[in-house]
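Hello,

Here is the structure I said I would pass on. Please open it first, then read the notes below it.

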Amino acid sequence: MTKLESRRLCIHYGAKQALHGIDIAIATNEVLALIGPSGCGKSTFLRSLNRMNERIPGTWHEGQVLLDGKDIYGRDVDPTDVRRRVGMVFQRPNPFPTSISKNVAYGLEIHGTKSRSEIVGIVEKSLRAAALWDEVKDQLHKSALALSGGQQQRLCIARAIATEPEVLLMDEPASSLDPISTGKIEELVQELKASFTIVVVTHNLQQAARISDRTAFFLDGRLVEVGETKTIFTSPVDRRTEDYVTGRFG
């Protein structure tokens, strides 16, 4: 069942066109990896899936992005609601300079979540889902900035999922982490796909091969090919995809 879909999506930064007619359907509870060389449009596409590009002055779009069949760019659609339903984890951990628990509770309070006891319960649930609870349960009131880089990124994932989004976008979530922390993030992605549809940008081809169900290859703002990850890495249809995944360019 399709959860999220782009149709003939074009993104422009002023006079510069960054994406050209992107058509991708993303299934419920799948992990889709976006790969391609720097500047190919994969992060622009990722940000278009929850209207984050709108925060860049001069950005405009053509085409549609459908969430459960409804265009998220429709005139009657609140972008705040879109970003609640389609959460995002950024390349570098960006915890707020406050306590661990307040970091996770931030989105809940913004969206008007009710009782203190309910917030406490969701904070624990989210930290458990992010595989961080056992490491921080006795220091919830300590500063999030005291955590290691890998812990901070898992905290940001807990913060993103606390508001119960339906889709989770990840922009190179492990690029600034050590190998052990990277492994934990990859394991976490596999666990989270039972509850979320996940789209992840990565420069690490081995990581894409390990964590994703399908992979999309972008080049020069265009979607070259999308398919089952094993197929993309072993028998792609397009020669440009083969050249990229075998290291002949990019």
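A residue counts as buried when its relative accessible area is under 20%, and as exposed when that area is over 50%. Keep in mind that this is a predicted model.

Start with Thr-197, which sits in strand β8. Thr-197 has a relative accessibility of 1%, so it counts as buried. Apart from neighbours within four places in sequence, Thr-197 touches Lys-3, the residues Ile-26, Ala-27, Thr-28, Asn-29 and Glu-30, and also Glu-166, Val-167 and Leu-168.

Strand β8 (197-201) is also part of what covers the buried residues of helix α7, along with β3 (31-35), α4 (116-129), α6, β7 (167-171) and α8 (205-211), among others. Those buried residues are Ser-181, Thr-182, Ile-185, Glu-186, Leu-188, Val-189 and Leu-192. Viewed down the axis of α7, they fall within an arc of 160°, so they line one face of the helix. Pro-179, Ile-180 and Glu-187 are exposed, on the face turned away from the buried side of α7. The length of α7 also agrees with expectation, because 14 residues at 1.5 Å a residue should span 20 Å and the end C-alpha atoms are 20 Å apart.

Then there is the largest pocket, with about 590 Å³ of space. It is lined by 22 residues, and Arg-55, Arg-83, Met-88, Tyr-106 and Arg-159 are the closest to its centre. The lining consists of 11 nonpolar, 7 polar and 4 charged residues. At least two lining residues come from each of α2 (79-85), β6 (86-89), α3 (100-110) and α6 (149-161).

Regards

How values were computed. Residues are numbered from 1 along each chain as its sequence is written. This is a predicted model: local features need pLDDT of at least 70, side-chain atom pairs count only at pLDDT 80 or more; totals for chains, interfaces and linings use all residues. Side-chain values use heavy atoms; hydrogens and water are left out. On a 1 Å grid over the protein atoms alone, a cavity is a set of points where a 1.4 Å probe fits but cannot get out, and a pocket is an open set with protein on both sides within 12 Å along at least five of seven lines; lining residues have an atom within 4 Å of a point. Grid points are joined across faces, edges and corners, and a volume is the space filled by probe spheres set on the points. Helices (H or I, at least four residues) and strands (E, at least two) are DSSP runs, numbered from the N terminus. Ala, Val, Leu, Ile, Met, Phe, Trp, Tyr, Cys and Pro count as nonpolar, Asp, Glu, Lys and Arg as charged, and the others, Gly among them, as polar. The expected span of a helix is 1.5 Å times one less than its number of residues. Buried means under 20% relative accessible area, exposed over 50%, partly exposed in between (1.4 Å probe, protein chains only). The arc is that of the directions from the helix axis to the C-beta atoms. Contact means heavy atoms within 4.5 Å.
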